[in-house]
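Q: Please take a close look at the sheet and at the ligand site beside the elements that surround it. How are the strands arranged, and which residues come nearest to the ligand?

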Amino acid sequence: MSYASYENEFQGKRALVTGGTQGMGLAIVKRLAGAGATVLTSARNIPPNYNIPNVHLVQADVTKPEGTATLVEAVKEKLGGIDILINTVGGSSAPSGGALALTEDHWLEELNMNLLGSVRLDRNLLPFMVEYRKGVIIHVSSIQRSLPLYESTLAYAAAKAALTTYSKGLSNEFAPKGIRVNTIAPGFIQTEAANRLIDRLATTAGSHEAALEQLMDSLGGIPYGRPGLPEEVAELAAFLASDRSASINGSEYVIDGGTIPTV
Ligand SMILES: NC(=O)c1ccc[n+]([C@@H]2O[C@H](COP(=O)([O-])OP(=O)(O)OC[C@H]3O[C@@H](n4cnc5c(N)ncnc54)[C@H](OP(=O)(O)O)[C@@H]3O)[C@@H](O)[C@H]2O)c1
């Protein structure tokens with residue numbers, strides 16, 4: 001096998017990347033489309049000037065079954081099938097205050113956002129991959145699945161742990177059918193949302209540098225000295241989506257600058 005040139009390695013590939021208007025999802029969309037893939041992506045809001053060559057953007061909320069149905073239709077209409085599915089959407093909107101501040105609704109919201117959205121899309125799109133005995137699924141989990149921050153994101157951490165375990169089970173079942181399933185677990189990644197948080201914290205911390213340090217300290221520090229970049233996560237996703245990782249299945253790749261202090 002030669003890896004001499006993989007500039008166009010996704011030529012002819014059809015990919016669905018959820019949450020592709022911001023952050024890691026946007027970086028992954030650009031990375032795959034830039035290497036020749038036709039990409040379908042989704043978000044709840046359509047930014048007015050979103051225009052990336054080879055990329056179709058569809059309005060769909062992946063936490064709702066109707067959103068899944070919209071995306072499955074779009075996969076058929078705009079891609080005519082699917083080779084790569086990257087479930088990027090996730091996040092937390094639960095309040096701070098510890099475990100007892102979380103209501104039934106908060107738990108259901110976090111599970112929908114970080115587990116069930118991916119489960120629904122996988123269930124609906126796996127049959128297309130099974131038919132051709134080829135496909136790649138990637139789930140974006142979090143280092144919080146093994147390093148839970150209980151103050152404000154315990155339900156998120158638990159949902160991501162479930163996503164990682166689910167991903168492993170799926171990989172065992174579908175690898176014999178030609179489909180690889182892997183997980184990416186990012187640590188602190190400096191997305192636009194993180195930048196906005198740093199801006200807000202800077203007003204009390206005194207400077208951007210102090211605010212960034214405060215955020216990194218809240219994780220117990222980042223040995224590499226800085227957060228990751230969305231483009232670095234996209235590079236890992238591209239590798240895992242490509243044939244260069246042909247025998248990698250059922251694995252979780254942590255990208256956190258060394259934040260998790262144990263093996
Ligand atoms: N950033 C970090 O430091 C970090 C660390 C560990 C893990 N992660 C995980 O990495 C993934 C990406 O995070 P990110 O920080 O890059 O995200 P982000 O910057 O907040 O971007 C989220 C993207 O997903 C879309 N989206 C959000 N909710 C959606 C929904 N219900 N249905 C459809 N689209 C939706 C957003 O568009 P709309 O808002 O318009 O829908 C946007 O395009 C998430 O799974 C997150 O949990 C992030």
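A: What follows treats the sheet, then its helices, then the ligand.

The model is a predicted one, in which local features need pLDDT of at least 70 and side-chain atom pairs count only at pLDDT 80 or more, while totals for chains, interfaces and linings use all residues. Residues are numbered from 1 along each chain as its sequence is written, and side-chain values use heavy atoms, with hydrogens and water left out.

The open sheet is built from seven strands with parallel pairing, in the order β3-β2-β1-β4-β5-β6-β7; strands (E, at least two residues) and helices (H or I, at least four) are DSSP runs numbered from the N terminus, and two strands pair if DSSP finds at least two bridges between them. At its edges stand β3 (55–59) and β7 (252–255), each of which pairs on one side only, and the twist from one strand to the next averages 15 degrees. Strand β2 (residues 38–43) is joined to β3 in the parallel sense over five bridges, with Leu 40 opposite His 56 in β3.

Helix α2 (residues 65–79) lies across β1 (14–18), β2 and β3, at about 155 degrees to β2, whereas helix α7 (residues 230–241) touches β4 (84–87), β5 (135–140), β6 (179–186) and β7, its direction making about 165 degrees with that of β6. Contact here means heavy atoms within 4.5 Å, and angles run from 0 to 180 degrees between N-to-C directions of axes fitted to C-alpha atoms, for helices over the stretch in contact.

Around the ligand there are 28 residues, of which Thr 21, Arg 44, Asp 61, Thr 88 and Tyr 156 come nearest; a residue counts as near if one of its heavy atoms lies within 4 Å. Helices α1 (23–34) and α4 (150–174) each supply at least two residues of this shell. A backbone N or O atom of Arg 44 lies 2.7 Å from a ligand oxygen atom, a backbone N or O atom of Ile 189 lies 2.9 Å from an oxygen atom of the ligand, and the side chain of Lys 160 places an N or O atom 2.9 Å from a ligand oxygen atom.

Technical notes:
A polar contact is a pair of N or O atoms within 3.5 Å; within protein, one must be able to donate a hydrogen and the other to accept it, and residues adjacent in sequence count only if both atoms are side-chain atoms.
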